[in-house]
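Here is a brisk report on one protein model. It covers pockets, backbone angles and salt bridges.

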Amino acid sequence: MTHSVWQQATFRPPYVLGVVWDKSHTHGGTRQPGLARADRLRCRPSGILWPMPPVVRVERLVKTFQIAERRPGFGGALAGLFRRRYRAVRAVDGISFDIDPGELVGYIGPNGAGKSTTVKVLSGILVPDSGICRVLGRVPWEERIATVAQLGVVFGQRTQLWWDLPVLESFDLLRDIYRVPRTAYESARDELIALLELAPLLDVPVRQLSLGQRMRCDLAASLLHAPRLLFLDEPTIGLDAVSKLAVRDFVRRLNRERGVTVILTTHDLDDIEALCNRVLVIGQGRILCDGSLAELRGRVTTQRCLTVDLEDAGAVVDCPGAVVVGRDGHRVHLRFDPVQVPAPEMISRFVSRHAVRDLFVENPPIEEIVARLFAQESARKP
């Protein structure tokens, strides 16, 4: 089998053969925040198996900021010149998690939850107060140049390209910054240009690109040096539907076909649902949930949504085991618990009592699930 230069740099043979759950770190085999992880196995030419180390390992990480405070008004400003008061804010409060090679992980939370602080520690920009952090086998703030040489970063609200230069010249400058050999660079560049359909944009100054065009160029720029780990921060913010789908499709292919590990932080939970098989939810500096979307939903609620279009818009809806939560003309929205009443039985009950045009069953929106999780955690905190 032959691969392009970029593929050779991205793949890390020998290949993964399987996954073994280490149940000594779980409760009944269920993933717990920062503890359980899947130990992937590699095979040496001799046939001996050994665990593949995680790409990211974080244990009991803490980062606190000192925020200056002053009283309002001129008197408060004057007093602050002589005696300034500070308030300690723990942005990251003892979080722990592992991310294995080839995972595509969503990292979500409200503003101020600690997402950006975590990413800055992982990339070596910030030094934590305490805890363990290893990225690609290195302590990022101690070996920052070696670490960032294997990282790619895309920020949806800012660009790493040069505003007044054509896209191609920005790519060439990044080659020099990352010291990529010319042959490897040209192979990676040409492949990315083809994959992301960038050829018509190469001679256009970055400032003249649309948001969707710039995002595709930024994705290419972040991958020119064949990183093993990619941070995506709001990669689809402000994009139209077509551009958003194109970015999602490329990230999915990058992860599945190239094996690049991806950490996605976003407020667009449709991105999380479309791309991620694992979600880390952070709130008030602590990991609230670490698992699949199904596990996240199961932690908050087991309810399902039944949406029905009735023949008679004025019909009185009454179905044992279901609760009406909304109504708009012919359309009625109900909630039910499939543990108590399985979905086929609920549908049968409803159809036997009402004339129906159409109906469908779905999970509650992921936005609602996450909002309810935050509300539950806030209520528990004293």
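## The largest pocket

The lining of the largest pocket holds 18 nonpolar, 16 polar and eight charged residues. Here Ala, Val, Leu, Ile, Met, Phe, Trp, Tyr, Cys and Pro count as nonpolar, Asp, Glu, Lys and Arg as charged, and the others, Gly among them, as polar. The pocket's volume is about 1000 Å³. Of its 42 lining residues, Val119, Ser123, Ile125, Val153 and Phe155 are the closest to the centre. Helices H3, H4, H5 and H7 and strands S8, S9 and S10 each give two or more residues to this lining. Helices (H or I, at least four residues) and strands (E, at least two) are DSSP runs, numbered from the N terminus.

On a 1 Å grid over the protein atoms alone, a pocket is an open set of points with protein on both sides within 12 Å along at least five of seven lines; a cavity is a set where a 1.4 Å probe fits but cannot get out; lining residues have an atom within 4 Å of a point. Grid points are joined across faces, edges and corners, and a volume is the space filled by probe spheres set on the points.

## Basis of the model

The model is predicted: local features need pLDDT of at least 70, side-chain atom pairs count only at pLDDT 80 or more, and totals for chains, interfaces and linings use all residues. Residues are numbered from 1 along each chain as its sequence is written, and side-chain values use heavy atoms, with hydrogens and water left out.

## Cavities

The whole structure has two cavities of 30 Å³ or more. Helices H8 and H9 each give two or more residues to it. H8 gives the most, with three. By class, this lining has five nonpolar, one polar and two charged residues.

Arg60 has a positive phi of about 50° and is found in strand S4. At 51% relative accessibility, Arg60 is exposed. Buried means under 20% relative accessible area, exposed over 50%, partly exposed in between (1.4 Å probe, protein chains only).

Glu234 also has a positive phi, near 50°. Glu234 sits in the loop between S9 and H8 and is buried at 10%. Gly238 is in the loop between S9 and H8, but is exposed at 65%. Gly238 and Gly156 are 82 residues apart in sequence, yet their C-alpha atoms are 8.5 Å apart.

## Salt bridges

The count is 23 salt bridges, each a side-chain nitrogen of Lys or Arg within 4 Å of a carboxyl oxygen of Asp or Glu. Arg278 pairs with Glu103, with the closest N and O atoms 2.9 Å apart. Arg278 lies in strand S11 and Glu103 in the loop between S5 and S6, so the bridge ties together parts 175 residues apart in sequence. Arg278 is buried at 2%, and Glu103 is buried at 8%.

Asp268 and Lys244 meet at 3.0 Å, N to O. Asp268 lies in the loop between S10 and H9 and Lys244 in helix H8, so this pair links parts 24 residues apart in sequence. Asp309 and Arg331 form a salt bridge at 2.8 Å. Asp309 is in strand S13 and Arg331 in strand S15, so the pair ties together parts 22 residues apart in sequence. Asp309 is buried at 17%, whereas Arg331 is partly exposed at 32%. Shared partners join Arg57, Glu59, Arg60 and Asp98 into one salt-bridge network.
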